[in-house]
Amino acid sequence: MGSYILYLALCSLFVVQAFCKISCTESAFSKYLSSSGNHNARVLTASHIAEGDTFHVPAGDIAYPQSPTDLPELCAVQINVTSSPESAYSFGLFLPVDWNDRFLAVGNGGFAGGVNWADVGVGARYGFASMSTDTGHNSTSSDGRWAYQAPEKLTDWGHRAMHGSVVLSKQIIEAYYGSALKYNYYSGCSTGGRQGLRAVEMYPGDFDGVIAGSAAWWTTHLQTWTTKAGTYNVPSPAQIPLGLFQVIEDEILRQCDPQDGLVDGIISAPQQCRLNLEALLCRKPGQEGCLSSEQLGTLRLIYSDYVDVNQTFVFPALLPGTESQWEVVIGNGTGNPLGVDYVRYFLGLGEDWTQEQFDYSIVQLADRLDPGNATADDFDISPFQKKGGKLLTYHGMADGFIPTDSSLYYYNQVSSALVPRGIDLDDFFRFFYVPGMQHCSGTPTNVNAPWYFAGPNQSPTLSSSLHGVPGFTDPKHDILLALMAWVEEDAAPENLIATTWKNDTIQDTVHRQRPLCFYPKRAVYTGTGDSNEAQNWECQSLY
């Protein structure tokens with residue numbers, strides 16, 4: 001550390017800080033790491049990317065294979081950091097020539113280990129020096145085998161890799177440009193949402209503004225709910241065949257679409273829908289496209305909160321309107337690895353453990369261990385608020401992977417912790433429901449709801465060269481620009497406008513735009529004008 005202080009002192013002697021800058025070479029970055037006292041870090045690669053070129057993701061990066069294209073001119077560098085005698089993590093950093101004086105860290109998904117280069121590329125196109133960490137291992141998002149009897153790797157995944165990567169990235173950025181950072185931002189969805197909330201809770205000085213979408217924040221209960229949900233539809237007379245999920249989806253849309261006051265193919269108020277599941281019952285023997293009484297019991301389980309011993313609430317249910325994604329978690333009863341692998345490898349019960357052995361004791365074990373200290377349940381986030389931080393969260397109402405109202409639960413817990421102390425959540429924390437959006441991005445084909453607002457993970461689903469909202473480069477339509485306006489100009493977002501295109505491709509014309517209102521408000525059609533145009537909607541309070 002003494003050498004780094006000397007390095008900064010030498011820099012301060014120069015009016016022109018060219019002396020302090022790092023060139024885009026492995027040797028230059030290595031020299032910097034050595035001189036700044038980061039002896040546990042080493043450079044893996046450093047390369048120049050010309051304007052318009054592609055960064056080719058290394059073949060070994062199995063979690064995020066999409067290569068970002070049409071990049072601005074930049075320096076791409078990857079650093080490896082030894083975090084303990086048994087663990088190490090790496091991070092990738094894009095340093096654009098046309099820099100906006102700001103830093104953006106992007107998140108991961110599931111159990112994935114790998115640098116999320118696609119979203120790093122999105123950040124660079126805005127002008128950010130942008131970073132992603134591999135969280136300390138190499139795996140796909142649903143493979144948890146790396147976590148078995150590996151507490152140091154779990155700590156990296158839980159929070160250490162992100163924080164360490166952020167701290168070192170900031171040092172590298174300021175040395176590379178010879179200039180101080182003005183603002184620091186974070187953008188992540190799913191596990192990336194959890195990473196953002198964990199940073200807010202544990203490291204409130206890391207970021208000035210955070211976007212946490214569809215957050216997998218309650219790790220100990222989300223992963224055990226995922227395991228429990230896998231038991232709902234096991235082979236039995238009560239099993240609902242996968243082919244009937246579409247039948248259920250169509251009936252739920254018929255019943256719940258009108259609840260928001262407009263029949264438009266979008267369920268905007270699923271919590272207010274009074275379900276009549278008996279409408280799906282078979283009326284005569286041999287009838288097809290309907291459910292038996294036993295199957296109806298399974299359906300009720302799916303729509304019910306997970307409550308266990310002594311009426312203990314464990315996790316909220318999937319909302320009506322999420323059926324298009326049921327195959328992933330509900331499926332045919334085989335169990336999703338995001339649940340089963342968590343129990344086997346994160347909780348340490350081993351590969352012989354089966355879903356059939358699940359009971360409430362597994363939830364209790366998860367709460368006791370909280371592998372990696374990953375669960376973002378430190379609800380007193382006043383240190384982040386006091387330093388001026390801003391937090392935007394959102395969740396799709398058609399999310400079939402993570403029950404939507406787990407995000408409302410987080411919001412309410414923060415409210416319970418802070419509001420009695422006179423802290424106004426609206427001043428720094430706003431939560432948005434996204435009607436018709438699935439997990440982080442996309443919409444059911446028969447719904448075609450507006451879902452795109454340049455949120456984390458959204459741009460790469462449409463194009464490897466996209467950032468922002470084509471034709472709508474403003475804080476109303478782009479959540480990252482909205483966060484920047486809130487942090488830097490104190491312009492709080494009253495609503496966001498979501499977009500969808502015909503055939504859901506940006507090459508086509510806009511199909512729908514609609515405002516997203518921060519809780520407890522929701523968008524209501526005014527009754528006049530085209531309902532596909534945002535100006536014909538207004539935000540009204542639910543209470």
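Let me start with Trp486. Leaving aside residues up to four places away in sequence, Trp486 touches Lys390, Leu391, Leu392, Asp426, Asp427, Phe428, Phe429, Arg430, Ala491, Ala492 and Pro493, where contact means heavy atoms within 4.5 Å. Before going on, a word on the source: this is a predicted model, in which local features need pLDDT of at least 70 and side-chain atom pairs count only at pLDDT 80 or more, while totals for chains, interfaces and linings use all residues. Residues are numbered from 1 along each chain as its sequence is written, and side-chain values use heavy atoms, with hydrogens and water left out.

Back to Trp486, which is found in helix 15, residues 479–489. Helices (H or I, at least four residues) and strands (E, at least two) are DSSP runs, numbered from the N terminus. Is Trp486 buried or exposed? Trp486 counts as buried because its relative accessibility is 1%; buried means under 20% relative accessible area, exposed over 50%, and partly exposed in between, with a 1.4 Å probe and protein chains only. Lys390 is 96 residues away from Trp486 along the chain, yet their C-alpha atoms are separated by 7.3 Å.

Lys390 takes us to the sheet. Lys390, in strand 10, is the bridge partner of Gly209. Strand 7 (residues 209–213) and strand 10 (residues 390–396) pair in the parallel sense over five bridges; two strands pair if DSSP finds at least two bridges between them. Helix 13, residues 405–418, packs on the sheet and touches strand 10 and strand 11. The open sheet has nine strands in the order 1-2-3-5-4-6-7-10-11, with mixed pairing. Its edge strands, strand 1 (41–49) and strand 11 (429–434), each pair on one side only.

Arg430, one of the contacts of Trp486, has its charged end over the ring of Phe518, 4.1 Å from the centre. The test for this is NZ of Lys or CZ of Arg within 6 Å of the ring centre and within 35 degrees of the ring normal.

Last, confidence. The pLDDT, the predictor's confidence in each residue from 0 to 100, averages 95 over the protein chain, and 96% of the residues score at least 70. Over residues 1–8 the pLDDT is below 50, and over residues 12–19 it stays under 50. Where pLDDT is low, the predicted coordinates should not be read in detail.

Key
Axes fitted to C-alpha atoms, helices over the stretch in contact; angles between N-to-C directions.
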